[in-house]
Amino acid sequence: MQHARTQDANGTSLKGYVKTTFNKLVATFGEPCIHIAPSEMEKVTIEWILRFVDGTIATIYDWKGYGYQPAPDEEYEWHIGGHETSAVALVKDQLGLIYGTGPFFDLAVK
């Protein structure tokens with residue numbers, strides 16, 4: 001699976017949240033683009049940068065864990081960023097594809 005380019009996330013901001021596990025995110029979106037060791041200095045240590053079929057960019061990330069990363073099967077409230085609020089619905093819908101509803105994710109980088 002390919003993700004969007006890092007520069008595609010420039011200018012995105014928080015649009016909403018999704019409560020799920022790291023393992024479900026990996027099963028749905030593949031490995032994160034960023035996955036670094038927890039640090040008290042880093043605001044983001046896990047992040048996916050995604051492009052949907054309609055061109056919407058979404059980011060899914062931890063925020064200000066300051067040294068904490070959730071266990072792989074722990075329910076965690078992940079931040080969803082984007083340029084538009086539709087990023088939230090698309091992320092949640094795609095999670096539903098594997099755990100319930102319909103296809104909106106394009107695996108190709110555009």
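**The nonpolar core and the sheet around it**

The largest nonpolar core of this predicted model has 19 residues, and those touching the most other members are Leu25, Phe29, Trp48, Ile60, Trp78 and Val91. Two or more residues each are given to this core by helix 1 (22-29), strand 3 (46-51), strand 4 (57-61), strand 5 (76-82) and helix 2 (86-99). Helix 2 supplies the largest share, five residues. In soluble globular proteins, nonpolar side chains tend to be buried together.

Ile60 shows how the core is put together. Once its neighbours within four places in sequence are set aside, Ile60 is in contact with Leu25, Phe29, Ile46, Glu47, Trp48, Leu50, Trp78, His79 and Val91. Among these partners are Leu25, Phe29, Trp48, Trp78 and Val91, which are also listed with Ile60 as the core residues that touch the most other members.

The aromatic residues come next. A pair of aromatic rings is described by the distance of the centres and the angle of the planes. The whole structure contains five aromatic pairs. In one of them, the ring centres of Trp48 and Trp78 lie 5.7 Å apart with the planes at 80 degrees, so this pair is edge-to-face. Because Trp48 belongs to strand 3 and Trp78 to strand 5, the pair ties together parts that are 30 residues apart in sequence. Trp48 and Trp78 are both buried. Trp78 also pairs with Tyr76: their ring centres are 4.9 Å apart and their planes stand at 70 degrees, so this pair too is edge-to-face. Tyr76, like Trp78, is buried. Ring pairs join these residues into a cluster made up of Phe22, Trp48, Tyr68, Tyr76 and Trp78.

Strands of a sheet pair through backbone hydrogen bonds, either parallel or antiparallel. Between strand 1 and strand 5 the antiparallel pairing runs over seven bridges. Gly16 has Ile80 of strand 5 as its bridge partner.

The C-alpha atom of Ser86 is 8.9 Å from that of Ala58, although the two residues are 28 residues apart along the chain.

The overall figures complete the picture. The protein has two helices and five strands, and its elements run β-α-β-β-β-β-α from the N terminus on. Of its 110 residues, 44% are buried. Among contacts with a separation of 6 or more, 62% are between residues 24 or more positions apart.

Methods. Residues are numbered from 1 along each chain as its sequence is written. Side-chain values use heavy atoms; hydrogens and water are left out. A nonpolar core is a set of buried Ala, Val, Leu, Ile, Met, Phe, Trp, Tyr and Cys residues joined through side-chain atoms within 4.5 Å. Buried means under 20% relative accessible area, exposed over 50%, partly exposed in between (1.4 Å probe, protein chains only). Helices (H or I, at least four residues) and strands (E, at least two) are DSSP runs, numbered from the N terminus. Contact means heavy atoms within 4.5 Å. Rings of Phe, Tyr and Trp (its six-membered ring) pair if their centres lie within 6.5 Å; planes under 30 degrees apart count as stacked, over 60 as edge-to-face and the rest as tilted. Two strands pair if DSSP finds at least two bridges between them.
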